[in-house]
Amino acid sequence: MSDIGDWFRSIPFITRYWFAGSIALPLLGKLGLINPQYFTLSAEAFIHKFQIWRPITATFYFPLLPGTGFLYMVNLYFLYQYSTRLETGAFDGRPADYMFMLLFNWICIVITGLLMDMQLLMIPLIMSVLYVWAQLNRDMIVSFWFGTRFKACYLPWVILGFNFIIGGVIINELIGNLVGHLYFFLMFKYPLDLGGRSFLHTPEFLYRLFPSRRGGVSGFGVPPPSMRRAADDQNRPAGGRHNWGQGFRLGDQ
């Protein structure tokens, strides 16, 4: 048990509690301690009955049934794997920025869920995080089932296509990918590649709740190397060069 405890404590802070909640709520519903109907998202209950906890519980809950156990375990693995990689990689030392990314994606998914009458939000949020990781590490080679290998930027769409082939419902993956793309576009693509303004800023109260663990300026993670080079070229004084230090590459573990 000590090994399990040590492993659990080694999970990054935000991912650790997200992971724990995604285990606790399904178990509470499976054991019948709480009626699972109170965990799902319902526009009627949320808006007219003021059951304001439903968008939160719908993010952590997933029904554990004979036909859903494998899907649940796969997505739990995706949560642990890619949320950990983001929190300790591009957002290392910047928990407030990572929490803001999760909140932005979550709010977008909740609004979509209410409009589309979706009851469960776990998979869309996990897929949105996976999509952001895949774009920040787009040139990394990843392995998928049956030994297939391809660039990370294709991973979210490969997962969506695989679920479609085996007959699964792909609306959750699609919404997650689109929300992840929205965050990535507004945070990185539009300001850095297209020269537009930055629309997203982490609120100050999040910095107070989750202070940065590095000195210096805080920001929304670290953009991909190509975007960082473009930003450096714009900021470099004419006629000279400046040594910005070694830094690190996204995808290095």
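**Helix 6 against helix 7**

I looked up the crossing of helix 6 and helix 7 in this predicted model, and found that the crossing is right-handed. For the geometry, I noted that the two axes come within 10 Å and cross at roughly 130 degrees, with helix 6 covering residues 95-116. Helix 6 and helix 7 are therefore oblique to each other, since an angle counts as roughly antiparallel over 145 and as roughly perpendicular from 65 to 115.

I then listed who makes the contact. Helix 6 contributes Tyr98, Met101, Leu102, Asn105, Trp106 and Ile109. From helix 7 come Pro124, Leu125, Ser128, Val129 and Val132. Sorted by class, the residues of this contact are nine nonpolar, two polar and no charged.

**Helix 5 against helix 7**

Next I checked helix 5 (residues 69-88) with helix 7 (residues 122-136). Their axes come within 9 Å, and the crossing angle is roughly 40 degrees. That makes helix 5 oblique to helix 7, because roughly parallel would need an angle under 35 degrees. I recorded this crossing as left-handed.

On the helix 5 side I found Leu71, Tyr72, Asn75, Phe78, Leu79, Tyr82, Ser83, Arg85 and Leu86 in the contact. The helix 7 side is Met122, Ile123, Ile126, Val129, Leu130, Val132, Trp133 and Leu136. I counted 14 nonpolar, two polar and one charged residues in the contact of helix 5 with helix 7.

**Helix 7 itself**

How many residues of helix 7 are buried? I got 15 of the 15, so helix 7 is largely enclosed by the rest of the structure. I also compared its length with expectation: at 1.5 Å a residue, 15 residues should span 21 Å, and the end C-alpha atoms lie 22 Å apart, which agrees.

**Loop residues**

I looked at Asp117, in the loop between helix 6 and helix 7. Asp117 is not a glycine, yet its phi is positive, about 60 degrees.

I placed Phe50 in the loop between helix 3 (43-48) and helix 4 (54-60). With a relative accessible area of 63%, Phe50 is exposed.

Last, I turned to Pro203, in the loop between helix 9 (171-193) and helix 10 (204-209). Pro203 is partly exposed, at a relative accessible area of 27%.

Methods: Residues are numbered from 1 along each chain as its sequence is written. This is a predicted model: local features need pLDDT of at least 70, side-chain atom pairs count only at pLDDT 80 or more; totals for chains, interfaces and linings use all residues. Side-chain values use heavy atoms; hydrogens and water are left out. Axes are lines fitted to C-alpha atoms, for helices over the stretch in contact, and angles run from 0 to 180 degrees between N-to-C directions. Helices (H or I, at least four residues) and strands (E, at least two) are DSSP runs, numbered from the N terminus. A crossing is left-handed if the near helix is turned anticlockwise from the far one by less than a right angle, and right-handed if clockwise. Contact means heavy atoms within 4.5 Å. Ala, Val, Leu, Ile, Met, Phe, Trp, Tyr, Cys and Pro count as nonpolar, Asp, Glu, Lys and Arg as charged, and the others, Gly among them, as polar. The expected span of a helix is 1.5 Å times one less than its number of residues. Buried means under 20% relative accessible area, exposed over 50%, partly exposed in between (1.4 Å probe, protein chains only).
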